[in-house]
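These are my notebook entries on one structure.

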Number of protein chains: 2
Amino acid sequence: MSNSRKGVKLFYDVISPYSWLAFEVLCRYRNVWNIDLTLKPAYLTGVIYGSGNQPAGANPSKLMYMVSDLKLTSEYFGVPMFRPSSISEKDSLNAMRFVTAIAEKGKDGDTLERVSRELWKRKWRTQQDITQPASLTDAGLKAGLSANEVEEILTLSKSQPIKDKLKSVTEEALEYRVSVYLYPLSFPLKCLCGKNIIKHPYTIFFPFLQCFGFPFIVCNVNGKAKVFFGSDRFELMAYFFGEKWVGPQPDKPTVQM
Amino acid sequence: MSNSRKGVKLFYDVISPYSWLAFEVLCRYRNVWNIDLTLKPAYLTGVIYGSGNQPAGANPSKLMYMVSDLKLTSEYFGVPMFRPSSISEKDSLNAMRFVTAIAEKGKDGDTLERVSRELWKRKWRTQQDITQPASLTDAGLKAGLSANEVEEILTLSKSQPIKDKLKSVTEEALEYRVSVYLYPLSFPLKCLCGKNIIKHPYTIFFPFLQCFGFPFIVCNVNGKAKVFFGSDRFELMAYFFGEKWVGPQPDKPTVQM
């Protein structure tokens, strides 16, 4: 473990199963890699539409690949999950407002983690609702909150400041700009669709928007920043941090010499 | 290394940098994992449009993430590359017909590998053209073919049987059906966009299309099949095969106990 201070921000939504995998891995590696982990509950639907991305379920081949991939991945990550019977893209709005209210209420990080985990469990393990107040109450109680606390947080979650906060964290992800080294020295940067995005005669480091889905993970170490999308970049994250990766369960290494 | 016979089919296009990473890793692990590797040159544009996917470059945030990601990933994989000054989605049609002609000509696997690698190098390392006959000739010569052989293959690459072959391998990827375990027992499978795709009262194993981009990697072992998309699933592939993953360069392990 190196002594460098490493910052990690995890933008997530409980509707996203890959966010759950990233969440568990980062929680497990927090002390192993000495990372300062900040949980950033946000709204996936806002990011998908805000970035002009295609929702995962809009493409049947991609959806079927995801179903098949999640079966093996969740087993390998030690986070049992099963595809829910239905997924609506707006399913998580109430849940993420509830989680945002917990974060804003200044509850300790453990509570935020436990409530997020309970909501993921409901949606992706036990096939339970996460849209209704009774469902959010149940998740809050299971996470160790008192009945009074849950009621207070439920009320708070419907307030304008909390709605605005969820929106602003979602925008923070969408508007996160990270420098990209553009090569070669002289170019018209043409994207695959043939449009000229930028024309510049010199090598430049330029901050670009890079968020189009969750989990979106912003890493900082020694003045360098790098973003990672998805739950399949931890090996690369370890390389970026100068740390070791031994698989998704550091207490049960699966990746070996 | 286990003794099971493992089959791996790699569907790739030289326009795809992540296909290059997958290609190099699979070539390196071929003997380490005892895999029977089959190279399947195909046409990425056909797969993107055939599956209704969004081209990577159509989304500016996704494109910038890819540029940033490739810088770190190619360094970590030991496959130096730099984003080309321009990428047109049709850039690889002549090149992939040329590669298909080599595969069909019955050249040994080494030649197919070397020519594919030379084309990737031109596009993604030295910023050279891969659309013109002179460029393909140069790649063929660098890969060890004689001038006569290159000329013969160039002519063959423009023939109808080769055009049809490239189309049929691309369709083979698109139409590759792999069984997916659908859970729970009773459901309307709703995708994120809200459409009902299928309704069935029982648990079913059903073969579904799962290809929407390259690299598309079909793995078989002990009668089980699994597909993997991208160059970030090798750790999971090792788990599926019951093999060990020590990072993208098995001769220089980066992933350790």
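**Entry 1: A:Arg122.** I began with the contacts of A:Arg122, leaving aside residues up to four places away in sequence: A:Arg122 touches A:Gln127, A:Gln128, A:Asp129, A:Ile130, A:Ser135, A:Asp138 and A:Ala139. Contact here means heavy atoms within 4.5 Å. I found A:Arg122 in helix 5 (residues 109-124) of chain A. Helices (H or I, at least four residues) and strands (E, at least two) are DSSP runs, numbered from the N terminus. Is A:Arg122 buried or exposed? I noted that A:Arg122 is buried, with a relative accessible area of 8%. Buried means under 20% relative accessible area, exposed over 50%, and partly exposed in between, with a 1.4 Å probe and protein chains only.

**Entry 2: basis of the values.** I recorded that this is a predicted model, in which local features need pLDDT of at least 70, side-chain atom pairs count only at pLDDT 80 or more, and totals for chains, interfaces and linings use all residues. Residues are numbered from 1 along each chain as its sequence is written, chains are lettered from A and ligands numbered from 1 in the order in which they are written, and side-chain values use heavy atoms, with hydrogens and water left out.

**Entry 3: chain A as a whole.** I counted 9 helices and 8 strands in chain A. Of its 257 residues, 55% are buried. Among contacts in chain A between residues at least 6 apart in sequence, I noted that 71% join residues at least 24 apart.

**Entry 4: strand 1.** I looked up strand 1 (residues 6-12) of chain A and found 5 of its 7 residues buried, so the strand is largely enclosed by the rest of the structure. Strand 1 pairs with strand 2 (residues 35-41) of chain A in the parallel sense, over 7 bridges; two strands pair if DSSP finds at least two bridges between them. I then traced A:Val8, whose bridge partner in strand 2 is A:Leu37.

Entry 5: Most residues other than glycine have a negative phi, and most peptide bonds are trans. I found a cis peptide bond between A:Phe214 and A:Pro215, with omega about 0°. In chain B, a cis peptide bond joins B:Phe214 and B:Pro215, with omega about -5°. I placed A:Pro215 in the loop between strand 6 (204-209) and strand 7 of chain A. A:Asn222 is not a glycine, yet its phi is positive, about 45°. A:Asn222 lies in the loop between strand 7 and strand 8 of chain A and is exposed, with a relative accessible area of 63%. A:Gly223, found in the loop between strand 7 (216-221) and strand 8 (224-229) of chain A, is exposed at 83%.

**Entry 6: helix 9.** I noted that helix 9 of chain A is mostly covered, with 7 of its 8 residues buried. Among them are A:Phe234, A:Glu235 and A:Leu236. A:Gly242 follows helix 9 and has a positive phi, near 75°.

**Entry 7: a cavity.** How many cavities of 30 Å³ or more does the structure hold? I recorded 3. On a 1 Å grid over the protein atoms alone, a cavity is a set of points where a 1.4 Å probe fits but cannot get out, and lining residues have an atom within 4 Å of a point. Grid points are joined across faces, edges and corners, and a volume is the space filled by probe spheres set on the points. The second largest cavity has a volume of about 300 Å³. Of the 21 residues lining the second largest cavity, the closest to its centre are A:Asp232, A:Arg233, A:Glu235, B:Asp232 and B:Glu235.

Note on methods:
1 Å grid on protein atoms, 1.4 Å probe; cavity = no way out; pocket = protein on both sides within 12 Å on 5 of 7 lines; lining within 4 Å.
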